Amino acid sequence: MIAGKMPSWLKKAVFYEIYPQSFLDTNKDGIGDIKGIIKKLHYIRSLGCNAIWLNPCFESPFQDAGYDISDFYKVAHRYGTNKDLKNLFYRAKKQGIRIILDLVLGHTSTEHPWFKASCSAKKNFYSNRYIWTNSVWEDAGGGLKSIQGYAERDGNYITNFFHFQPALNYGFTNPDPKRSWQLSTKHPDVVRTKEEIKKIMRFWLDMGASGFRVDLAGLLVKNDPDYEATMVFWQEIRRMLDKEYPEAVLVSEWGNPLKSLSAGFHMDFTLHGGDFSDMYNSLFRKGEQSFFHEKGAGNIKKFIQPFTACYENTKKIGYISFVSGNHDMLRLSYRKNRRTLKSAFVLILSMPGAPYIYYGDEIGMNYQEQLVSKEGGYERTGSRTPMQWKKGKNAGFSQAQAKKLYLPIEKGKYIPNVESQEKDPDSLLNTVRKLIRIRQQYPALQADGDFSVLYAEENKYPFVYVRSMGNERILVALNPSGMNKTVSIKASDIKEISLILQDNVQSIEIKKGMLNIKMKKFSFGLWCINPQTLKK
Ligand code: NOJ
């Protein structure tokens with residue numbers, strides 16, 4: 001377990017995820033670009049976000065939206081140049097915004113020069129950079145996916161995801177002696193791959209990046225069921241960061257904080273897949289059975305159990321990050337009542353760790369159904385459509401002809417957009433802004449504030465919890481269902497409460513040691529507990 005220091009800026013970090021091709025196009029080619037992100041930094045700042053996770057922006061044939069890299073050291077032409085990215089780091093930092101890049105180190109594109117060299121029948125420096133069996137007739141076994149008959153080299157290569165994403169070679173735990181192509185994690189060629197990864201990280205950190213979100217972080221070493229060797233790899237990387245870049249942050253796409261945070265990551269996401277997917281899906285992604293659904297048929301226990309198990313065991317070493325969504329999921333708003341969305345954001349923005357808002361979720365952008373797959377998106381495509389800034393041409397995303405756009409803008413007269421919601425104090429956008437402002441105001445609501453449950457009963461609403469830091473205690477109550485709910489909780493230590501923000505709460509009172517909350521449908525509230533103790 002790594003008990004290094006956390007970068008200090010993470011305490012107050014609220015991230016905004018940007019899918020660069022869909023954010024803002026400034027050169028009329030229909031695809032978003034880095035200059036577009038620079039133009040919108042003030043908007044991101046206006047939300048209260050102080051960090052950005054940028055999806056992959058490197059040279060790539062874009063068969064998987066950039067998760068198939070062909071040059072780790074070069075910004076993709078369609079987004080701009082390395083100079084533009086450097087400028088983005090600089091301009092963002094000036095506005096108090098940090099940028100983390102997507103580090104896709106499990107695989108590359110088949111177009112990467114390393115892979116092309118490794119395809120050669122002649123042994124060379126890159127022959128072992130990827131995992132190849134010894135013959136095209138040899139099945140890789142062990143549940144590994146392999147591609148047969150691709151190159152002049154006699155062998156099959158292992159892929160991590162799609163067929164054009166060959167796995168980089170991080171070796172095997174207990175290599176099978178009968179399969180001499182399985183290298184140990186200490187093999188010099190494997191060590192060389194690892195050193196190259198460090199070089200890539202240093203390159204971007206030196207240019208101004210503040211860290212990385214790591215793609216498929218748990219899947220590096222093969223035949224590693226308990227992730228032990230993969231964890232050793234990450235602990236080494238963390239030691240490098242602690243020593244050379246102590247303010248840089250590592251976030252894993254792993255979905256198992258027990259493993260990832262022990263491996264040295266500063267944060268791990270709550271995800272819709274992986275070992276703890278229930279912790280996330282039970283809240284947002286179980287259709288009508290989600291806790292955040294107007295039906296009111298969710299079960300908060302399904303969230304509390306895995307979350308508590310992860311949180312209690314990791315809170316001293318790292319953070320669990322709640323996300324409104326990401327480029328791999330259906331949009332948060334999918335088949336949800338608009339009013340439920342607000343309380344979903346209350347939870348996302350009031351939990352421990354550092355939250356992430358996926359671009360467009362703050363205005364409730366819709367998942368576009370039935371789009372033809374773009375760049376390997378398949379069903380994910382509908383969550384990757386252009387940001388809707390205003391009414392009118394291409395919703396302000398681009399000046400290109402509509403048919404040239406990366407993906408279409410939502411159809412309809414009243415599509416969610418920033419300009420309209422700016423004007424409405426009650427809009428989702430302005431609610432999100434308020435919630436972030438409140439989070440930034442109260443340390444108890446930030447990353448390190450403690451979390452404890454006050455009321456979370458099987459198949460019941462509301463969900464009530466407390467966040468605290470020192471004397472500061474904040475009570476949060478959520479009723480995202482379309483029904484009125486009342487709750488009485490024994491709470492003799494609560495003497496007084498003062499309102500921070502509420503929506504549709506009928507009443508809250510403390511009487512004879514009981515906290516009674518009457519919540520109308522679609523309601524939420526945040527209150528300061530015993531505020532007089534704070535004044536002392
Ligand atoms: C996870 C990324 O989030 C996803 O978009 C990508 O397709 C796969 N990893 C493969 O890199």
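**A tour of the aromatic rings**

Both F115 and Y157 are buried. Select these two residues to begin; the model on the screen is a predicted one.

A pair of aromatic rings is described by the distance of the centres and the angle of the planes. In the whole model, the count of aromatic pairs comes to 49.

Next, select Y43 and W389. Their rings form an edge-to-face pair, with 5.0 Å from centre to centre and 85 degrees between the planes. The angle counts as edge-to-face because it is over 60 degrees. Colour the chain by secondary structure and locate each partner: Y43 belongs to helix α2 (residues 41-47), while W389 lies in the loop between β12 (356-358) and α11 (418-423), so the pair ties together parts that are 346 residues apart in sequence. Both Y43 and W389 are buried.

Now return to F115 and Y157. This aromatic pair is also edge-to-face, with a centre-to-centre distance of 4.9 Å and an angle of 75 degrees between the planes. F115 is found in helix α4 (residues 113-118) and Y157 in strand β7 (residues 157-159); the pair links distant parts of the chain, 42 residues apart.

The charged end of K40 sits over the ring of W389, at 4.1 Å from the ring centre. Then select R331 and Y359: here the charged end of R331 sits over the ring of Y359, 4.8 Å from its centre.

Finally, select Y280, F284, F291, F292, F303, F307, Y311, F322, F451, Y461, F463 and Y465. These residues form one aromatic cluster.

How values were computed: Residues numbered from 1 in each chain as written. Predicted model: local features only at pLDDT ≥ 70, side-chain atom pairs only at ≥ 80, totals over all residues. Heavy atoms only, no water. Phe/Tyr/Trp six-rings, centres within 6.5 Å; stacked < 30°, edge-to-face > 60°. Helix = DSSP H or I, 4+ residues; strand = E, 2+ residues; numbered from the N terminus. Buried < 20%, exposed > 50% of the residue type's maximum accessible area, 1.4 Å probe, protein only. Lys NZ or Arg CZ within 6 Å of the ring centre and 35° of its normal.
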